[in-house]
Amino acid sequence: MDKVAVAQSFDDAASNYQNHCQLQQQVGSKLVADIEANGIILDLGCGPGSVVRDALIARGAHWFGVDLSLSMLQQARGHQQANPVVQGDVEALPFASQSFDGIVSNMVLQWCDLNRAVEELLRVLKPKGRFDLAIVIKGSLQQLCSNDSGLLRVNDFPSQSLVEQALSQHVIEYQLAVHTETYCYPNARALFSSLKGVGANCSDKPVTGLKGKGWWQQVNAMLEAHRLDEGLPLSYQILYVRGRKL
Ligand SMILES: C[S@@+](CC[C@H](N)C(=O)[O-])C[C@H]1O[C@@H](n2cnc3c(N)ncnc32)[C@H](O)[C@@H]1O
C-alpha cells in the first residue's frame, strides 16, 4: 500500500470524517467497551480520535494518538489543542520500547504490513500491557462486488489467518472474535459518499476507464439487490483481537 496515497486520502477526508464515520464509531464503541483504561494508552491510527479517545479519557486513562495523516491529527488534538498526538507510521513507531501501558487500534491495521505493525506495537508496549485491536478482514464490503461483474474493486483485506500468523511470532496471549458490522444507507450515493468521507476510497486496485451512466445504473442495481427495510447495507467483517504481552 502506497503510504503517501493513504495519508493523502485520509488528509482529504479529515474535515468531514465525523459526518461519515458511523460504522467506525459502532466498531470503536464495541472495541473500548470493556477495555482496561489504566495508564497511558496509545491509539494507533487514531484519526480524529473521537470515539476511542473520549471513552478512554472519560474512564481515567491517558490517551496518546499517532497517525500518518496530519489533518486527522489536527482534529484529534481537540479544541484547546489539549490532546497529545504525534505523526507517525504504525510500521515504524516514533517511540522508545516499552513506553505504553496499553495499545488500542480501531479499523487501521488493514492498511498496514501486519508483521511489521504487530512487531512495532509489541515493542512499544510494556510487559503485561494489553492490546485491543479491531481489524477489517477479508469478506468485507461484499455488497460492492457481489455479482462478479468487476464493476467495482474492493481492497484485498487481510485474512484472519494472516493476522494469526503475525501474532503467533510473539510471546503473547490473545483471543480473537469475528463480528459482521453493518451500516445502512438511504441510497447508493450516500453509501459511496460515506466511503469517500472516511478516506476508505483509497484502493490498491483502482477502477480504470470511464464510468458513464450505464456503469452507474449497473452499480445501483447491484447494490439495490441487497436493500433491507433500513436501506442499502454495507458490511464489514471485523476481527477483534484482545491480548496481553507476556
Ligand atoms: C478508518 S480511519 C480510523 C480512524 C480512527 N481509528 C477511528 O476509529 O475513527 C484509519 C486511520 O488510519 C490511519 N492510518 C492508515 N495507515 C496508517 C499507518 N501506516 N500509520 C499510522 N496511521 C495510519 C489513517 O490516516 C486514518 O486516520
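**Helix packing and the ligand shell**

User: At roughly how many degrees do the axes of helix H5 and helix H6 cross?
Analyst: Helix H5 spans residues 114-124 and helix H6 spans residues 160-167 (helices are DSSP runs of H or I, at least four residues; strands of E, at least two). Their axes (lines fitted to C-alpha atoms, over the stretch in contact, with angles from 0 to 180 degrees between N-to-C directions) come within 9 Å. The crossing angle of H5 and H6 is roughly 40 degrees.

User: What kind of model is this, and how are its residues numbered?
Analyst: The model is predicted, and local features need pLDDT of at least 70, side-chain atom pairs count only at pLDDT 80 or more, and totals for chains, interfaces and linings use all residues. Residues are numbered along each chain, as its sequence is written, from 1.

User: Is H5 roughly parallel or oblique to H6?
Analyst: The axes of H5 and H6 cross at roughly 40 degrees. Angles under 35 degrees are roughly parallel, over 145 roughly antiparallel, 65 to 115 roughly perpendicular and the rest oblique. Therefore H5 lies to H6 at an angle classed as oblique.

User: Which residues of H6 make the contact with H5?
Analyst: Contact requires C-beta atoms, placed from the backbone, within 7 Å. On the H5 side the residues are Leu114, Asn115 and Val118. On the H6 side they are Leu162, Val163, Ala166 and Leu167.

User: Is H2 oblique or roughly parallel to H3?
Analyst: The axes of H2 and H3 come within 8 Å, and they cross at roughly 30 degrees. So the orientation of H2 to H3 is roughly parallel.

User: Which residues of H3 make the contact with H2?
Analyst: H2 contributes Gln25, Gly28, Ser29, Leu31 and Val32. Facing them, H3 contributes Val51, Val52, Ala55 and Leu56.

User: How many residues surround the ligand?
Analyst: The closest are Phe10, Gly45, Gly47, Ser69 and Asn106. Helix H1 (3-13), helix H2 (22-32) and helix H3 (50-58) each give the shell at least two residues. Counting residues whose C-beta atom, placed from the backbone, lies within 6 Å of the ligand, the number surrounding the ligand is 23.

User: How many strands are there in the protein?
Analyst: The C-alpha atoms of the protein fill a box of roughly 55 × 40 × 35 Å along the principal axes. The protein has eight helices, and its strands number seven.

Methods
Two residues are in contact if their C-beta atoms, placed from the backbone, lie within 7 Å.
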